[in-house]
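Dear colleague,

I am passing on the structure below, together with some notes on what turned up when its parts were examined. Please read the notes with the structure open beside you.

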Amino acid sequence: MIRVTGTLLLAAAPIGRAEDASERLRAALADAPVIAAEDTRRLRRLAGDLGVRTAGRVVSYNDLNERARAEGLVEELLAGRDVLVITDAGMPGVSDPGYRLVRAAVAAGVPVSALPGPSAVTTALAVSGLPTDRFCFEGFPPRKPGERARRFGALAGEPRTMVFFESPRRLADTLGAMAGAFGADRPAAVCRELTKTYEEIRRGTLGELAGWAADGVLGEITLVVGGAPEPSGLREPAELAAAVAAREEAGTPRKQAIAEVAKENGAPKRVVYDAVVKSRT
């Protein structure tokens, strides 16, 4: 006997304007037997804006309860009822609840599908003016300065365009930390309030953007940063150390010399530092 299960449907929500919603989303919200919403009040508001009456059972599914809620939602699916997951904006599972439920559904043999739609990640990438052929999404940077510095240090040599989410309250500190790790002249774009009334795309270098953000920024932020430049050719530790030594002889402080050599070669500063230490032992 073939077991009939429901389907888990990940539904992308508009990231700013309700009119960006598709007809498929309208129909899915009206027909879904169970809707798992990140914020039930915002779901009701979206449904009202779309002129949709949700007939199914609506349950909350957010960062605080997603682990506990997943089991019950899988039971609904195994009982043959479709479950629609929707977050406040964008695609469920992308820096929003959804991943754990998808994993549980897959493990239970339940079909998983997606209702595509708006995404802050690809929207920001498209309007940034930075290369789009290869990119990576890094989510929210760590909040603690030390952890954030280590994360950016590990990404200093990343050649692909990078996309981040960030709180407006931490934007200036994050841009400053990026300027220190990636180089103040690395190109970037701050995308604020995408698709909304006060949408703003601010392009420039990380140093310029850090200065702009110091006065305070409001709204939802997606940050796009250019990848590391192609290495200039220095590869061997001895060559890196020699380049640093040459700058020091010219009067450049060692810390600055290491940062400059690292940037020119697309290498993490730690690699250059280790090369310098090794050359002097």
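Across the interface of domain 1 and domain 2, the rule finds zero salt bridges, a salt bridge being a side-chain nitrogen of Lys or Arg within 4 Å of a carboxyl oxygen of Asp or Glu. Please bear in mind that this is a predicted model, in which local features need pLDDT of at least 70 and side-chain atom pairs count only at pLDDT 80 or more, while totals for chains, interfaces and linings use all residues. Residues are numbered from 1 along each chain as its sequence is written, and side-chain values use heavy atoms, with hydrogens and water left out.

The protein chain is divided into domain 1 (8-118), domain 2 (121-225) and domain 3 (237-279), with bounds that come from an automatic or database domain assignment. The C-alpha centres of domain 1 and domain 2 lie 28 Å apart, and six residues of domain 1 are in contact with ten residues of domain 2, where contact means heavy atoms within 4.5 Å.

Between them, domain 1 and domain 2 bury about 610 Å², of which 55% is on carbon and sulfur atoms; buried area here is the accessible area (1.4 Å probe) that two parts lose on being put together, summed over both. Of the area that domain 1 buries against domain 2, 66% is supplied by Ile15, Arg17 and Ser95, more than by any other three residues.

Elsewhere, the structure as a whole holds 17 salt bridges.
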